[in-house]
Structures are given as C-alpha cells and as structure tokens.
Amino acid sequence: MAGLQVHRINNAGVYLDGNSYLAKAEEVDLGSLKTVMSDFNGLGLIGVVELPDGFEKIEGKIIWNSLYQDAVSKIATPFTSISLQCRSSINVHTSQGRIDELPLVTLMTVTFKEYQLGSYKPRESTKFETPFSATSIRQLVNGKETVMLDVLSNIYRVDGKDQMAKYRSNIGQ
C-alpha cells in the first residue's frame, strides 16, 4: 500500500497561564466538542431527523501526580479563568519509519470547578484530580488552525472557515 501514513500521539506537556507543568500532570483530558442535537418532525416527512442546536459545555480534567503550590494558586478559585495549553507531537509513520513530527497545540480558556484535597493510602502516591470547564478552545496542527470555538463570542471555525458569521450578522452581533 504505497503512500499509507499513520499518525501517533503518545505524550504531551501542560501549561497554565504560560507556565510549564512538565512531568507534574499524570493525565490531561481536554474534553470534546459535542453538538446539541434535537429531533425535527414534520407533516409529509417519513421520518425524524436530528438538527444541530449548538454545543454542549466543554469539560475536561487534569490529574496531578502530587500537590504543587504554584498550580493550586491557579486552580483553587472558580472566579478566575486561566489559559490552559496542551502541546504534543504527532509522529507521522510510513513503511519507511517515522518521516515527520508535527506540533499539535490546544489552547483553552478554562475555569476549574473543583479542588481536591487528596485521598491518602499507605505506600501509594496521592493524586489530585481537577475538573474544569472551558469557554473557548483553539487547536492547531503544524501551525494551521483546525478548530476554534469561543462560546461567549459565538465564534466557531473549522479549518479557518467561520461557521457562525451569518448567524452573528443575523442577530446583530
């Protein structure tokens, strides 16, 4: 199969307000963009269709491998949004081995919803899970924007194409 390429992502770095937390987070879950769909049914249709109505809230979490005071000052308050950045590398493989590495950068504006005080057991490392919600996300592959959503500004772009420009114009925004 000539030309087959596979991509693999197997690690990442986490940044809060531009500060690196390399090796301090055990896992980061950035959540997903999930469309709110509603059923539409009308006379003359032989079935029901689902139509998009917007987006669900974006939720994620960071699992920390210990307690870090500088992170606590950013995540313990629900009254301040912060910048979360996740950087990783996409390894591109062919039958010739790895042929390229592409940067994957996800930028989010998040508010942490919970500050875990810890659960302690003998001879086991304590982990701290901090769930968050996001009001905006932007993801870039090799410097090219793949998706951008800013809920509070009604902006949604896919591959740089504004999906909500007409909507914003229609509502006078």
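Student: How many salt bridges does the count come to?

Tutor: This is a predicted model, in which local features need pLDDT of at least 70, side-chain atom pairs count only at pLDDT 80 or more, and totals for chains, interfaces and linings use all residues. Residues are numbered from 1 along each chain as its sequence is written, and side-chain values use heavy atoms, with hydrogens and water left out. A salt bridge requires a side-chain nitrogen of Lys or Arg within 4 Å of a carboxyl oxygen of Asp or Glu. By this rule the count is nine.

Student: How many residues apart in sequence are the parts that Lys74 and Asp17 tie together?

Tutor: The closest N and O atoms of the salt bridge between Lys74 and Asp17 are 3.9 Å apart. Lys74 belongs to helix α1 (residues 69-75), whereas Asp17 is in the loop between β2 (12-16) and β3 (19-20), so the parts tied together are separated in sequence by 57 residues. Helices (H or I, at least four residues) and strands (E, at least two) are DSSP runs, numbered from the N terminus.

Student: In which strand does the salt-bridge partner of Arg157 lie?

Tutor: Arg157 forms a salt bridge with Glu145, and the closest N and O atoms are 2.7 Å apart. Arg157 lies in strand β12 (residues 155-158), so the pair ties together parts 12 residues apart in sequence, Glu145 being in strand β11.

Student: Is Glu145 buried or exposed?

Tutor: Arg157, at 23% relative accessibility, counts as partly exposed. Glu145 has a relative accessibility of 10% and therefore counts as buried.

Student: What is the separation of the C-alpha atoms of Arg157 and Arg138?

Tutor: Contact means heavy atoms within 4.5 Å. Leaving aside neighbours within four places in sequence, Arg157 is in contact with residues including Arg138, Glu145 and Asp162. Arg157 and Arg138 are 19 residues apart along the chain, and their C-alpha atoms are separated by 9.1 Å.

Student: Which residue is linked with Lys57 and Glu59 in a network of salt bridges?

Tutor: Another pair is that of Glu101 and Arg98, whose side chains meet in a salt bridge (3.6 Å, N to O). In the network with Lys57 and Glu59, the linked residue is Lys113.

Student: How many bridges join strand β9 to β10?

Tutor: Two strands pair if DSSP finds at least two bridges between them. Strand β10 (residues 128-141) pairs with strand β7 (residues 58-64) in the antiparallel sense over seven bridges, and Trp64 has Phe128 of β10 as its bridge partner. Strand β9 (residues 97-112) also runs antiparallel to β10, and the number of bridges joining them is nine.

Student: Which residue in the hairpin of β10 and β11 takes a positive phi?

Tutor: Strands β10 and β11 (residues 144-150) run antiparallel and are joined by six bridges. Lys144 in β11 is the bridge partner of Val141. The hairpin has two residues between the strands, and the residue with a positive phi, near 55°, is Asn142.

Student: Is Arg168 buried or exposed?

Tutor: Arg168 lies in helix α2 (residues 165-170). Leaving aside neighbours within four places in sequence, its contacts are Ser153, Asn154, Ile155, Asp162 and Gln173. Its relative accessible area is 15%, so Arg168 is buried.

Note on methods. Buried means under 20% relative accessible area, exposed over 50%, partly exposed in between (1.4 Å probe, protein chains only).
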